[in-house]
Amino acid sequence: MKKTFADKVIQFNSKLVSPNKVPAEFTVLNPFIDNPETMQVMKAFYRKYFNDHRPRRMLLGINPGRHGAAVTGVPFTDTKRLEEICGLPMYSVRTHEVSSVFIYDMISNYGGVEKFYSDFYINSPFPLAIVREKNGKQINANYYDDKELFNSVREYMIENLRAHIALGIDTSCAFVLGIKNHRFISELNKEAQLFDQLIPLEHPRYIQQYKSKDKEQFIGNYLEAFIQER
């Protein structure tokens with residue numbers, strides 16, 4: 001029997017391994033290893049919304065935040081929205097992630113989770129979380145925060161983008177979340193020829209933290225971009 005989109009994503013996540021080497025001050029977190037419930041919830045999510053053979057367009061994040069996909073295994077989805085909107089409770093941990101708030105408000109405006117996830121797949125070229133130590137605490141880090149870090153994971157990111165595409169992604173265009181992220185992914189795309197076009201959108205975290213009063217306008221920008229590139 002032909003594998004569904006869900007089957008392929010679950011297989012991809014189940015086999016995810018960290019890159020061979022990153023600079024010593026950074027740590028890569030793999031939620032599918034760190035918490036057994038993450039694997040269960042991730043499988044349930046994709047079987048609920050992706051259990052078909054539909055091609056999808058891709059939204060490209062940076063890398064998972066430690067309170068979002070680094071816990072739930074679902075990009076831009078904290079435990080609160082996972083339970084309240086997707087109907088999938090997580091019992092071992094509770095998280096709130098600001099980017100998740102914007103993404104699910106945008107999804108609601110698009111027509112809801114069933115409609116959105118039948119058309120789009122969200123993930124990142126670096127699909128695992130990155131943290132660094134600061135004042136004795138772990139804080140989120142981005143793959144592009146450090147030149148040595150980016151260079152060390154460059155090929156790993158290209159390999160993962162190719163693996164994402166193989167799930168059943170429409171490569172005519174991809175939507176890149178974050179202007180700086182767009183610049184770096186454009187560099188990778190130029191080298192590897194993955195997508196015909198990359199459309200930049202402001203990152204959800206930036207919108208929630210600094211432009212919350214204009215949130216509806218940014219949601220409109222997302223929806224307009226989706227329509228224009230249909």
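Predicted model: local features only at pLDDT ≥ 70, side-chain atom pairs only at ≥ 80, totals over all residues.

Reply: Strand β2 (residues 56–60) and strand β6 (residues 169–177) run parallel and are joined by 4 bridges. One of the residues involved is R56, whose bridge partner in β6 is I169.

The β2 and β6 pair belongs to an open sheet of 4 strands, with the order β3-β2-β6-β7 and parallel pairing. Its edge strands are β3 and β7 (198–201), each of which pairs on one side only. On average, and with direction ignored, neighbouring strands of this sheet are turned by 25° against each other. In general, the strands of a sheet pair through backbone hydrogen bonds, and the pairing is either parallel or antiparallel.

Helix α8 (residues 147–165) lies across β2, β3 and β6, and its direction is at about 130° to that of β6.

The structure holds 28 aromatic pairs, and Y110 with F120 is one of the pairs. The ring centres of Y110 and F120 are 5.6 Å apart and the ring planes stand at 75°; the pair is therefore edge-to-face, the angle being over 60 degrees. Y110 lies in helix α6 (residues 98–110), while F120 lies in strand β3 (residues 120–123), so the pair ties together parts that are 10 residues apart in sequence. Both Y110 and F120 are buried.

Is S124 buried or exposed? With a relative accessibility of 5%, S124 counts as buried, because the cut-off for that class is under 20%. Apart from neighbours within four places in sequence, S124 is in contact with G61, I62, N63, P64 and H164.

Cysteines are the last point. C173 counts as buried at 2% relative accessibility, and C86 is likewise buried, with a relative accessible area of 1%. A disulfide is a covalent bond between the sulfur atoms of two cysteines. With a cut-off of 2.5 Å between cysteine sulfur atoms, the count comes to 0 disulfides.

Conventions:
Residues numbered from 1 in each chain as written. Heavy atoms only, no water. Phe/Tyr/Trp six-rings, centres within 6.5 Å; stacked < 30°, edge-to-face > 60°. Helix = DSSP H or I, 4+ residues; strand = E, 2+ residues; numbered from the N terminus. Buried < 20%, exposed > 50% of the residue type's maximum accessible area, 1.4 Å probe, protein only. Pairing = 2+ DSSP bridges. Axes fitted to C-alpha atoms, helices over the stretch in contact; angles between N-to-C directions. Contact = heavy atoms within 4.5 Å.
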